[in-house]
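Subject: Structure handover

Dear colleague,

Please find below the structure that I promised to pass on to you. My notes on it follow directly after.

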Amino acid sequence: MSAHRSAEHGFSPLARSAEHGFTPRERSAEHGFTLVEVMIALLIFGMIAAAGVAMLSFSIRAQSATGARLDDIGAVQRLASILGADLAQAVDRPARDERGTLLPAFVGTATTLRLVRGGWGNIDDAPRASLQKVEYRLGEEAIERIGYPMLDGAEPYPPGAMLDGVRAIKLRYRFQGAWSDHWDGTQGAPLPAVVELTITRRDGTTLREMFLVGTGYAPLGTGRNNVL
């Protein structure tokens with residue numbers, strides 16, 4: 001009886017569908033979505049979310065790798081700049097080690113290098129010379145630079161890592177057209193003309209750089225062209 005009254009007053013599903021512009025064979029908009037439609041929508045949303053997470057993760061990894069690579073390139077350039085500046089300002093000034101032994105101004109082997117350089121800034125007006133003794137060596141897979149507070153008999157400062165990820169280094173010294181794996185000042189001049197540094201990285205990459213010493217150091221009475 002109530003169903004009949006509802007039909008008379010226009011409350012039947014067909015009447016409501018007609019009010020919304022649906023034909024009797026079409027589903028009423030008030031019935032919502034089916035379970036299958038909801039599951040398909042959730043599946044599509046999940047796929048889009050997964051793709052977004054994957055893209056974000058890839059972007060983060062790429063940014064991290066790019067940052068690490070740029071930092072490494074910067075470290076290589078800093079090493080070349082600082083070592084080049086030290087060698088360009090090398091001077092003929094013998095210095096004593098911690099035991100008081102007098103050493104040549106420039107001493108180099110295949111893996112270590114020690115020299116005296118000029119141009120050491122002194123913004124604090126400390127009681128010291130403008131010359132500084134510095135040393136380069138291969139530490140724990142890193143090229144280290146060691147500075148000394150005084151030229152003679154002083155203990156060195158703690159070493160500073162200049163370039164990480166280094167498996168091996170090789171130094172060579174050029175004077176009058178000849179290369180040598182060591183330098184002690186007995187080759188005809190206190191300083192070599194050129195220093196070559198070959199770096200083998202942990203991943204097998206090899207870097208080779210060359211530096212003028214003292215801006216192409218030449219002893220008095222010799223032509224600069226004959227030194228190199």
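The largest nonpolar core of this predicted model has 28 residues, and those with the most contacts inside it are Leu87, Phe106, Leu113 and Ile199. A nonpolar core here is a set of buried Ala, Val, Leu, Ile, Met, Phe, Trp, Tyr and Cys residues joined through side-chain atoms within 4.5 Å; buried stands for under 20% relative accessible area, exposed for over 50%, and partly exposed for what lies in between, with a 1.4 Å probe and protein chains only. At least two residues of this core come from each of helix H3 (35–88) and strands S4 (112–117), S5 (132–138), S7 (160–164), S8 (166–175) and S10 (194–201), and H3 gives the largest share, six residues. Helices (H or I, at least four residues) and strands (E, at least two) are DSSP runs, numbered from the N terminus.

Residues are numbered from 1 along each chain as its sequence is written. Because the model is predicted, local features need pLDDT of at least 70 and side-chain atom pairs count only at pLDDT 80 or more, while totals for chains, interfaces and linings use all residues; side-chain values use heavy atoms, with hydrogens and water left out.

Leu87 deserves a look of its own: leaving aside neighbours within four places in sequence, Leu87 is in contact (heavy atoms within 4.5 Å) with Phe106, Leu113, Leu115, Val195, Phe211, Leu212, Val213 and Gly214. Leu87 is also among the buried residues of H3, which are Gly74, Ala75, Val76, Leu79, Ala80, Leu83, Gly84, Asp86 and Leu87. The 54 residues of H3 should span 80 Å at 1.5 Å a residue, and the end C-alpha atoms of H3 are 78 Å apart, which agrees; the expected span is 1.5 Å times one less than the number of residues.

In one of them, an open sheet, four strands follow the order S9-S8-S10-S11 with antiparallel pairing, where two strands pair if DSSP finds at least two bridges between them. S9 and strand S11 (206–212) stand at the edges, each with a single partner strand, so one side of each has no neighbour in the sheet. The twist averages 25° from one strand to the next, with axes being lines fitted to C-alpha atoms (for helices over the stretch in contact) and angles running from 0 to 180 degrees between N-to-C directions. H3 packs on this sheet, touching S10 and S11, and the direction of H3 makes about 25° with that of S11. S8 and S10 pair over eight bridges in the antiparallel sense, and Arg174 stands opposite Val194 in S10.

The other open sheet has five strands in the order S3-S4-S5-S6-S7, again with antiparallel pairing, and its edge strands, S3 (106–108) and S7, each pair on one side only. Here the twist averages 15° from one strand to the next. H3 packs on this sheet as well, touching S3, S4, S5, S6 and S7, and the direction of H3 makes about 125° with that of S7.

Two loop residues may interest you. Glu141, in the loop between S5 and strand S6 (142–147), has a phi near 55°, a positive value in a residue other than glycine, and is partly exposed, with a relative accessible area of 37%. Gln176, in the loop between S8 and strand S9 (178–180), likewise has a positive phi, near 50°.

With best regards
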